[in-house]
Amino acid sequence: QDCFECDKDVYDAFIGHFGAEMEQYFIMKGVKYHPDITAITVHRLKMHGVKAGNIDVSGICTMHDDPELYWSHRRTKGNRGVHGAFITLK
């Protein structure tokens with residue numbers, strides 16, 4: 001949450017799409033909004049029936065963890081890159 005910042009338009013989009021319950025997942029630092037993307041994701045998974053015991057949170061921060069493994073827009077000061085993810089159901 002400390003490393004991901006956004007402007008009001010992103011905050012408004014979250015509230016508009018998911019409702020006022022999203023407010024609890026944002027903090028303000030100056031004029032920037034900082035969403036807790038991990039908490040939002042866990043919350044949404046639980047809402048859709050995924051049991052808490054089936055959710056693993058890595059705790060990895062792409063900004064601060066191994067730069068050889070994780071690209072970060074903020075760490076590279078705007079150099080563009082790409083992320084990929086694979087999600088499977090067992």
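Histidine 43 touches Glu21, Met22 and Tyr25 when residues up to four places away in sequence are not counted, contact here meaning heavy atoms within 4.5 Å. The residue is placed in helix α2, which covers residues 37-47, where helices (H or I, at least four residues) and strands (E, at least two) are DSSP runs numbered from the N terminus. With a relative accessibility of 18%, histidine 43 counts as buried, the term being applied under 20% relative accessible area, with exposed used over 50% and partly exposed in between (1.4 Å probe, protein chains only). The model is a predicted one, in which local features need pLDDT of at least 70 and side-chain atom pairs count only at pLDDT 80 or more, whereas totals for chains, interfaces and linings use all residues. Residues are numbered from 1 along each chain as its sequence is written, and side-chain values use heavy atoms, with hydrogens and water left out.

Helix α2 also holds arginine 44, which is partly exposed, with a relative accessible area of 22%. Apart from neighbours within four places in sequence, arginine 44 is in contact with Phe18 and Met22. Arginine 44 and phenylalanine 18 are 26 residues apart in sequence, and their C-alpha atoms lie 9.4 Å apart in space.

In soluble globular proteins, nonpolar side chains tend to be buried together. In this model the largest nonpolar core has 9 residues in all, namely Cys6, Tyr11, Phe14, Ile15, Met22, Tyr25, Phe26, Tyr33 and Ile40, such a core being a set of buried Ala, Val, Leu, Ile, Met, Phe, Trp, Tyr and Cys residues joined through side-chain atoms within 4.5 Å. Helix α1 (residues 8-18) supplies the largest share of this core, 3 residues. Cysteine 6, one of the core residues, is in contact with Phe26, Lys32, Tyr33 and Pro35 once neighbours within four places in sequence are set aside.

With a disulfide taken as a pair of cysteine sulfur atoms within 2.5 Å, the count comes to 0 disulfides. Cysteine 3 is in no disulfide, and the nearest cysteine sulfur, that of cysteine 61, is 3.7 Å away. Cysteine 3 is partly exposed at a relative accessible area of 23%, and cysteine 61 is likewise partly exposed, at 22%.

Leucine 89 lies in the segment after α2 and counts as exposed, with 84% relative accessibility. The C-alpha atoms of leucine 89 and cysteine 61, 28 residues apart along the chain, are separated by 24 Å.

The largest pocket contains about 1400 Å³ of space. On a 1 Å grid over the protein atoms alone, a pocket is an open set of points where a 1.4 Å probe fits, with protein on both sides within 12 Å along at least five of seven lines, and lining residues have an atom within 4 Å of a point; grid points are joined across faces, edges and corners, and the volume is the space filled by probe spheres set on them. Of the 35 lining residues, Thr38, Thr41, Asp56, Val57 and Ser58 are the closest to the pocket centre. The largest share of the lining, 5 residues, comes from α2.
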